[in-house]
Amino acid sequence: MQRGKERMERTKTEDESQRKLRVCVATCNRADYSKLAPIMFGIKNHPDEFDLEVVVLGSHLIDDYGNTFRMIEQDDFDIGSKLHTIVRGEDEAAMVESVGLALVKLPDVLQRLRPDILVVHGDRFDALALATAAALMNIRILHLEGGEVSGTIDDSIRHAISKLAHYHACCTRMAEQHLIAMCEDHSRILLAGCPSYDKLLSINHRDDYVDTIKSWLGDTVHERDYIVALQHPVTTDIQQSVKIYGLMLDALLSFNKKTLILFPNIDAGSKEMVRVMRRKGIEQHPNFRAVKHIPFEQFIQLLEHAGCMIGNSSCGVREAGAFGTPVINLGTRQTGRETGENVLHVRDADTHNKIYHALELQFGKRYPCSKIYGDGNAVPRILKFLQAIDLDEPLQKTFCFPPVKDPISQDIDHILETQSALAIDLGGTNLRVAIVSMRGKIVKKYTQPNPKNFEGRMQLILQMCADAMRDAVCLNCRILGVGVSTGGRVNPQEGLVLHSTKLIQEWSSVDLRTPISDALHLPVWVDNDGNCAALAERKFGHGKGVENFVTVITGTGIGGGIIHHNELVHGSTFCAAELGHIMVSLEGPECSCGSRGCIEAYASGMALQKEAKRLHDEDLLMVEGMDMKLTEPITAAHLINAARLGNYKADAVLKKASTALGVGIVNILHIVNPTLVILSGILASYYQAPVQHVISERALVSTQNIKVVNSELEEPALLGAASMVLDYATRRKY
């Protein structure tokens, strides 16, 4: 009796070890069959290890969608059950009723088949019914392509199926991380790749693609000279989907290329899209071939050799990447998916012109092939994963909560729109606002006299900015932020003007950032005009790529900025780079700051104007050859002109000014030791040579070879204000 008992136990153990895994694969439509078919073939090729049962439901069994169950039969699969589960209507209510009908019919089938595991794909409402029925009947579920993000109601359905499923075969590393973040057990997740890539990569580069193109599009169509279009409804915004579909068709009509257009899927809104297609005469148009179904092998060849694909099908962001086929993804249906370089998103597809422009950008291009979604070995991994499932293992899940990063994709708006800044320059005489592009081009400039009081000035700033913002839309400029250049001492961290120059009245203790930001809803940067000139040189001028340099502004006053180790020097009380107030004489002329002997008191435009007036009052300015009207105001230019014509008095004044400026710059060289000095402002061209001479005579030997150059920037204050925005504003993300 003991030996007999041992024999029976041994026989039972051998039977269990030899028991085949009973796998049920359920397919709902043409798209998911392309992913499931490779797995079905793999299971069928291992009859000693698996029993395959096939269940067909959904749009496979509908005449209008090509009765695609026949291609399953043509692939020599025995279909165990055909379930008519679609309630016609193609609206939201019909989708719900279809799920309910499937839930009514599925229990009998699953009870009869009694699979060990049910394989479900993707994010269709039919698949949700399958997963719900299997989970409630304690049938293990393997979910394919979970963890992806594509937008619309599909995301909710996909994630709901993932929560019902016991095992997961995902396509990408990011999808795997999403599943982990959704609390799925890492040990039950397989990073397999997409099964369709196994067939896709194996049939790539077939020689019969020319025959395939001709059979679907005609004998005159060549590779890369046609478009594949496939647009599905977005069930969470059907009206917008239909609008985008119409705009896409208009753009394709205008683009005038042969187009293979597939009918949309059976989701709510598809009827309206088909009506739009027929209203525009697409089915009769000579440039279009409208079809309901194409066998996967042929569709892949057509996709590989197309000049472009347009629409919102997942194959555009998945399979097309393996060929480098350019893709235009319209709307929000696939915006969360990982993509290769070949995908250009037109999320806000609100105009025919925007879609047409995207076609111009993409058509005929070729991109690097991408294997984000698979390497051609998904099926062997999935079969091995199935073989490793322990049927005695409990169904209960365990959970964990790691962080996940969101993907970032390219967007058409970043190509069509010029990223730009709004720049404000507060001068003593004029208030200027400009739209400045990323490359430093002043797209449009506005100038008004600077009001004398605070209220008038702030009101004018906001009004000019509002005008510029409106114009920016027409000029196709995306404003990233606002940069403000102003005279005086500025706290850039808080956006405050602490103390202003005498030229700008009522301009101390002023918060510029808050009112501008509140009015325009944009980030705002504020800095001193001298610092802005240095920033402009760093981004657009001679300072580009130079780690240490000094900019000296020689205009009405003397100012500047210091760049040290690629950073602007502000100082502990925001008083660094007050270069005009470096003292070069203990008993020099009085400066506007109240001290004596400052560079500004010798070399600024105001100082030279003062000396020119003095000489003019003493009848010592005019020389032969000078042409000056009696009513013309005396300026520094007259002094320079007189010196050039031989006026030794004017020449002496200018030599003293040049020496003072040169000595001041020598002091700068000895303190911060830059590699370059850039002179900016209206007097820069005159001072450049004399200052270089003073440096060669008076500076330490180690600094005598430092170059002094003239700025080539026409608007350093505006460009510097813009550079604060363009360097620090983050790119707008959709």
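Residues are numbered from 1 along each chain as its sequence is written, and side-chain values use heavy atoms, with hydrogens and water left out. Because the model is predicted, local features need pLDDT of at least 70 and side-chain atom pairs count only at pLDDT 80 or more, whereas totals for chains, interfaces and linings use all residues.

Helix α2 (30–44) packs against helix α15 (residues 378–387) at an angle of about 55 degrees, with the axes 10 Å apart. Helices are DSSP runs (H or I, at least four residues) numbered from the N terminus; axes are lines fitted to C-alpha atoms over the stretch in contact, and angles run from 0 to 180 degrees between N-to-C directions. The angle makes α2 oblique to α15, a class left after roughly parallel (under 35 degrees), roughly antiparallel (over 145) and roughly perpendicular (65 to 115). P38, I39, G42 and I43 of α2 meet V379, I382, L383 and L386 of α15, where contact means heavy atoms within 4.5 Å. These contact residues comprise 7 nonpolar, 1 polar and no charged; Ala, Val, Leu, Ile, Met, Phe, Trp, Tyr, Cys and Pro count as nonpolar, Asp, Glu, Lys and Arg as charged, and the others, Gly among them, as polar.

Helix α2 also contributes to the second largest pocket, supplying the largest share of its lining, 7 residues. The second largest pocket holds about 810 Å³ of space and is lined by 41 residues, of which N29, R30, A31, D32 and S34 lie nearest its centre. At least two lining residues each come from α2, α3 (69–74), α6 (152–164), α12 (296–304) and α13 (314–317). By class, the lining has 13 nonpolar, 13 polar and 15 charged residues. On a 1 Å grid over the protein atoms alone, a pocket is an open set of points with protein on both sides within 12 Å along at least five of seven lines, a cavity is a set where a 1.4 Å probe fits but cannot get out, and lining residues have an atom within 4 Å of a point.

There are 4 cavities of 30 Å³ or more. The largest cavity has a volume of about 70 Å³, volume being the space filled by probe spheres set on grid points joined across faces, edges and corners. Its lining has 12 residues, with E148, V149, G336, R337 and E338 nearest the centre.

Helix α19 (residues 529–540) packs against helix α25 (residues 716–728) at about 65 degrees, with the axes 7 Å apart; α19 and α25 are therefore roughly perpendicular.
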